[in-house]
Amino acid sequence: MAAIYQAVYRRASSLVCRLHSTYVRKMRYLNELKEDDSLCRQAQTSGTFYLFHNLSPFLQKAGKKYLVPQLGAAEMKRILEKFKETEQWIEKSVLIGCSDEHVPHFALDLGALEKSVIESELKGSFTDLRKALFVVDGKDSPLLASAQSLLRWHDSHQYCSKTGHPTQKNVAGSKRACHASGITYYPQMSPVVITLVSDGSRCLLARQPLFPQGMYTALSGFCDVGENVEETVRREVAEEVGLEVESLQYSASQHWPFPSSCLMIACHALVRAQQAEISMNSLELEEARWFGLDEIMEALKRDPRSSKQEDGRFLPWFPPKQAIAHQLICEWVKQQTS
């Protein structure tokens, strides 16, 4: 029996080591591509490409599913030749990852080319990213989000903030440099806290005027310069709903591309039940209210299409599973039911 256990343990340990070494090799390969322009340029000839048009990703519909196609280098060359463009267009792409087999993935924006021709040629459509994130497979959502954020960053950082001279992208797109000033610019994310407030038996959700009808979510706000996460949570809750946070707990984080590239830092915050009267900031929110457990569980089953009632009102619904707000709400339900 002991021998069997040891054999199983050795097999499991060997598997963990192999998985770990695969990850390490992949990360080091990606780092080499970012630092070595010649190596990255060579990788573009064997990599796959995700297409965008003015920051909208290209999708193909297969039955009820939406797929994110990866085009090979040969297919990219064919598309560019159709528009009488040279292969140098591919150098406008940015590196966004690679497979375990070291097949590099790039994102390329074809916004200067005729959209309808590309869509007809490839039998798909360029879709607004907000819609795309909620219809594609969960594993593709983070890739599309990071790809769009990187493409947007390059589009808005073409000039040096000190000299006004044009900046140059490295082949991988991991940085831009101003040769006049010697400054190297790197893509950055803005930290944002997203907080699910609870008084112990209820949770607080809110909506802004620009939200789709009926959608409620957790409170969120950008970190001010000099603030830590705890200070931002307390300030945002006080500003938006007039409540004072008694304690808070970190949950998880998520990259989010809206309105620009953000790092969403998700927390649970507890306020005293005796001091839970909402005083909403109407300049930021359209509505904020407490939800009980039963109402939350019903709303989790609801999607936007089924929320509209015959009298024109909308029942509450929440962000989809890909959003970290959904995770916060599900964690709160689990805490309440356990």
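**Reading a helix, a loop and the cysteines**

Author: Lys84 follows helix 3, and its phi is positive, near 60 degrees. Helices (DSSP runs of H or I, at least four residues) and strands (DSSP runs of E, at least two) are numbered from the N terminus. This is a predicted model, in which local features need pLDDT of at least 70, side-chain atom pairs count only at pLDDT 80 or more, and totals for chains, interfaces and linings use all residues. Residues are numbered from 1 along each chain as its sequence is written, and side-chain values use heavy atoms, with hydrogens and water left out.

Reader: What does the chain average in pLDDT?

Author: pLDDT is the predictor's confidence in each residue, from 0 to 100. The chain averages 91, and 94% of the residues score at least 70. Over residues 5-10 the pLDDT is below 50, and this stretch has zero contacts (heavy atoms within 4.5 Å) beyond near neighbours in sequence.

Reader: Which residues of helix 3 are buried?

Author: Buried means under 20% relative accessible area, exposed over 50%, and partly exposed in between, with a 1.4 Å probe and protein chains only. In helix 3 (residues 73-82), the buried residues are Ala73, Met76, Ile79 and Leu80. They lie on the same side of helix 3 because they cover an arc of only 120 degrees around the axis, taken from the directions from the helix axis to the C-beta atoms. An α-helix has 3.6 residues a turn, so residues three or four places apart point the same way. The buried residues of helix 3 pack against strand 1 (48-53), strand 4 (71-72), strand 6 (104-109) and helix 4 (115-122).

Reader: Is Ser261 buried or exposed?

Author: Ser261 is buried, with a relative accessible area of 15%. Its place is in the loop between strand 14 (247-256) and strand 15 (262-270). Ser260 is in the loop between these strands too, but is partly exposed at 29%. The side chains of Ser261 and His255 are joined by a polar contact of 2.9 Å; such a contact is a pair of N or O atoms within 3.5 Å, where within protein one must be able to donate a hydrogen and the other to accept it, and residues adjacent in sequence count only if both atoms are side-chain atoms.

Reader: How many disulfides are there?

Author: A disulfide is a covalent bond between the sulfur atoms of two cysteines. With the cut-off of cysteine sulfur atoms within 2.5 Å, the count comes to zero. Cys160 is in no disulfide, as the nearest cysteine sulfur, that of Cys178, is 3.7 Å away.
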